[in-house]
Amino acid sequence: MTAAERRALLQLLEARFTAHAARHASVAWTAVEALLMKKPTLLDTVQRMEASGGEPDVVVLPDGALAYCDCAAESPIGRRSLCYDGPARTTRKEAAPASSAMEMAADMGVALMTEDEYRALQQVGAFDRKTSSWLATPAPIRALGGALFGDRRYERVFIYHNGAQSYYAVRGFRGVLRL
């Protein structure tokens, strides 16, 4: 990223931060900016989140940590039609997607949201009303071939399961980048 692109991204992030203050009520932009400047690779990762439609913004996670999370109203459009992980993708008998949520997240430098993080995000906004998002799945569930995803319907957050190899045009993933 060029210096001009970095400045433009920082201006966009600051404007989003200011416009959505309820997502991070006790956090000052200067503190976030200092963290981003301290470790330049963070800004590169946030740019990948932005480029794939994530509209990243700062959220305080359940454990008190600050993180950039995808805050687009629906699961990021550039990260949909993915099965859960590489093993699920490669064991599909037909019509395997080009990638998986776990592989794409690793390439971007983010983690999939946990169930707790997803529920916390839903406390600061209404997300995934028409889409759904893969969630980090506990190993015992994944070992049995399943994976978790969440969405918001009827003003309630639902966490479901599906076969890890499944994929749908409206299912993507939301990334988390801890600062």
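## Aromatic cluster and helix packing in a predicted model

Phe158 counts as partly exposed, since its relative accessibility is 25%. Ring pairs join Phe158 with Tyr84, Trp134, Phe149 and Tyr160 into a cluster, while in helix α2, which spans residues 29–38, the residues Trp29, Val32 and Leu36 are buried.

**Aromatic pairs**

- With a pair taken as two rings whose centres lie within 6.5 Å, the count comes to five aromatic pairs.
- One of these is formed by Trp134 and Phe149, whose ring centres lie 6.2 Å apart with 80 degrees between the planes, an arrangement that is edge-to-face.
- This pair links distant parts of the chain, given that Trp134 belongs to strand β4 (residues 132–135) and Phe149 to strand β5 (residues 146–153), with the two residues 15 apart.
- Both Trp134 and Phe149 are buried.
- Phe158 and Tyr160 form a stacked pair, because their planes stand at 20 degrees, with the ring centres 5.9 Å apart, and planes under 30 degrees apart count as stacked.
- Tyr160, at 31% relative accessibility, counts as partly exposed, as does Phe158 at 25%, because the partly exposed class lies between under 20% for buried and over 50% for exposed.

**A charge over the rings**

- The charged end of Arg171 sits over the ring of Phe149, at 3.4 Å from its centre.
- Arg171 also lies over the face of Trp134, where the distance to the ring centre is 4.8 Å.

**Helix α2 and its surroundings**

- The buried residues of α2, namely Trp29, Val32 and Leu36, line one face of the helix, because they fall within an arc of 65 degrees when seen down its axis.
- Thr30 and Lys38, on the other side of α2, are exposed.
- The elements against which the buried residues of α2 pack are the helices α1 (3–19) and α3 (40–51) together with the strands β1 (56–60) and β2 (66–70).

**Helices α1 and α3**

- The axes of α1 and α3 come within 11 Å and cross at roughly 70 degrees, and the two helices are therefore roughly perpendicular to each other, because that description covers angles of 65 to 115 degrees.
- In the contact between these helices, α1 contributes Arg6, Leu9, Leu10, Leu12, Leu13 and Arg16, which meet Pro40, Leu43, Asp44, Val46, Gln47 and Glu50 of α3.

Conventions:
Residues numbered from 1 in each chain as written. Predicted model: local features only at pLDDT ≥ 70, side-chain atom pairs only at ≥ 80, totals over all residues. Heavy atoms only, no water. Phe/Tyr/Trp six-rings, centres within 6.5 Å; stacked < 30°, edge-to-face > 60°. Helix = DSSP H or I, 4+ residues; strand = E, 2+ residues; numbered from the N terminus. Buried < 20%, exposed > 50% of the residue type's maximum accessible area, 1.4 Å probe, protein only. Lys NZ or Arg CZ within 6 Å of the ring centre and 35° of its normal. Arc of directions from axis to C-beta. Contact = heavy atoms within 4.5 Å. Axes fitted to C-alpha atoms, helices over the stretch in contact; angles between N-to-C directions. Parallel < 35°, antiparallel > 145°, perpendicular 65-115°, else oblique.
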